Number of protein chains: 2
Amino acid sequence: MNFDMNEAIQVLKSTPGTLTSLLAGLSDNWLHTNEGEETWTPIQVIGHLIEGEKYNWIPRLELIIQQGAAVSFPPFDRYAHLTKESESSLDNKLSEFQKLRMQNLNRLQALVHTEEQLELKGNHPQFGTVKIRELLSTWVVHDLTHMSQILRIMAKRYNQDVGPWIEFLRILK
Amino acid sequence: MNFDMNEAIQVLKSTPGTLTSLLAGLSDNWLHTNEGEETWTPIQVIGHLIEGEKYNWIPRLELIIQQGAAVSFPPFDRYAHLTKESESSLDNKLSEFQKLRMQNLNRLQALVHTEEQLELKGNHPQFGTVKIRELLSTWVVHDLTHMSQILRIMAKRYNQDVGPWIEFLRILK
């Protein structure tokens, strides 16, 4: 096991800035591309990350701390950002994500102080028993997987353009 | 085909800042991890990107413009950064990458002005005929694939820690 609270926070803290650096200067062709029917655009991925800040990570952490495994997590809708799609611009979405993330990291640090707390158990509707350590590790890897998704969505725009080099470009496979 | 010079430059320009945001605040445990024997650490990936700035993209572009397909590209050693590994810190490596990238984007804009130039042909030692359009598209996707590689290297540290959530985390598959 490699989870360490301070190291996890290093990553969680940097994600909004990393996404801002990656996306803020891009044209609509990059921001509104996707990988085909029923797949997400980079902007929709940011919408999903915002939903996670509001309804997933910290609410679940609070539920575990308050009620343990007695109550199952309320379901998190992984597609909510598609139905309540807002008109807000990329810049607004990135700022909202940044603000929520910073609030949530403060909340995390106020709630979890000890190694023992990482072993506290909650009840996931699909997986059954899960630990705070697993929830927080997943929060980190969830950031990494969705940043990676955005890079892959972008790369696929040039699927044809790279010609024979496709052979060397793992992201296009 | 989707390649557009201005859009490509948007991505190429943002990569050093994106990598700085992602990596600059991280502890050594994140920076020196890899995916197992003969795989790279995040710092080694930056070393490889620096090699590309020095010996791959712009030198090949210049060769095509000066000599067309008459001369084959000199081979690019994709493992050079492993043998001439420097002691320079992550911060120094990121600054070097940023500086070289900005110089190279200036050079690119000085060299390529027209759509017609994108069709100019060079000679790749393995692939045979390649076009400037393909070389420049590959430069962009090469950035994206190596940023994605760094995210994947990092994610794998928490392979065990995420517990049952591994099922939802594509980056760990």
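User: Buried here means under 20% relative accessible area, and exposed means over 50%. With that settled, is Arg101(B) buried or exposed?

Analyst: Arg101(B) is at 0% relative accessibility, so it counts as buried. Keep in mind that this is a predicted model.

User: Which side chain meets Arg101(B) in a salt bridge with Glu or Asp at the other end?

Analyst: There are two to mention. Glu53(B) pairs with Arg101(B) at 2.7 Å, N to O. Asp143(B) forms a salt bridge with Arg101(B) as well, with 2.7 Å between the closest N and O atoms.

User: Where do Glu53(B) and Arg101(B) lie?

Analyst: Glu53(B) belongs to helix H3 (residues 42-55) of chain B and Arg101(B) to helix H6 (residues 90-111) of chain B, so their bridge ties together parts 48 residues apart in sequence.

User: And Asp143(B), where does that lie?

Analyst: In helix H7 of chain B; Arg101(B) is in helix H6, so this pair ties together parts 42 residues apart in sequence.

User: Give me one in chain A. What does Lys156(A) meet in a salt bridge?

Analyst: The side chain of Lys156(A) meets that of Glu35(A), 2.7 Å from N to O. The pair links distant parts of the chain, 121 residues apart: Glu35(A) sits in the loop between H2 and helix H3 (42-55) of chain A, and Lys156(A) in helix H7 of chain A.

User: How accessible are Glu35(A) and Lys156(A)?

Analyst: Glu35(A) has a relative accessible area of 23%, so it is partly exposed. Lys156(A) is partly exposed too, at 34%.

User: New topic, the interface. How many residues of chain A are in contact with chain B?

Analyst: 55 residues of chain A, in contact with 55 residues of chain B. The buried area between the two chains is about 5,100 Å², and carbon and sulfur atoms give 64% of it.

User: Which residues in chain A lose the most area to chain B?

Analyst: Tyr158(A), Asp161(A) and Trp165(A), which together make up 15% of what that side buries.

User: What about polar links? How many salt bridges between chain A and chain B?

Analyst: Two salt bridges. One of them has a 3.0 Å N to O distance: Arg157(B) with Glu7(A). The rule also finds 22 residue pairs in polar contact across the interface, both residues being at pLDDT 80 or more.

User: Which elements give two or more residues to the side of chain A that touches chain B?

Analyst: Helix H1 (5-23), helix H2 (28-31) and helix H7 (132-156) of chain A. H7(A) gives the most, with 16 residues.

User: How do the residues of that side of chain A divide into nonpolar, polar and charged?

Analyst: The side of chain A that touches chain B has 26 nonpolar, 18 polar and eleven charged residues.

User: Staying with H7(A): is His146(A) buried or exposed?

Analyst: His146(A) lies in helix H7 of chain A. Its relative accessibility is 10%, so it counts as buried. Residues up to four places away in sequence aside, His146(A) touches Trp40(A), Val45(A), His48(A) and Leu49(A).

User: And the core? Which residues of the largest nonpolar core touch the most other members?

Analyst: Leu108(A) and Leu108(B), in a core of 108 residues. In soluble globular proteins, nonpolar side chains tend to be buried together. Beyond its neighbours within four places in sequence, Leu108(A) has contacts with Met5(A), Ile9(A), Ile58(A), Leu61(A), Leu136(A) and Trp139(A).

User: Last one. Where does Lys173(B) lie?

Analyst: Lys173(B) is in the segment after helix H7 (132-156) of chain B. Its relative accessible area is 69%, so Lys173(B) is exposed.

User: What is Lys173(B) in contact with?

Analyst: Ile166(B), Glu167(B) and Phe168(B), leaving aside neighbours within four places in sequence. A polar atom of the Lys173(B) side chain lies 2.4 Å from the backbone oxygen of Glu167(B).

Terms used: Residues numbered from 1 in each chain as written. Chains lettered and ligands numbered in written order. Predicted model: local features only at pLDDT ≥ 70, side-chain atom pairs only at ≥ 80, totals over all residues. Heavy atoms only, no water. Contact = heavy atoms within 4.5 Å. Buried area = accessible area lost by both parts, 1.4 Å probe. Salt bridge = Lys/Arg side-chain N within 4 Å of Asp/Glu carboxyl O. Polar contact = N/O pair within 3.5 Å; in protein donor to acceptor, adjacent residues only side chain to side chain. Helix = DSSP H or I, 4+ residues; strand = E, 2+ residues; numbered from the N terminus. Nonpolar A, V, L, I, M, F, W, Y, C, P; charged D, E, K, R; others polar. Core = buried A, V, L, I, M, F, W, Y, C linked by side-chain atoms within 4.5 Å. Buried < 20%, exposed > 50% of the residue type's maximum accessible area, 1.4 Å probe, protein only.
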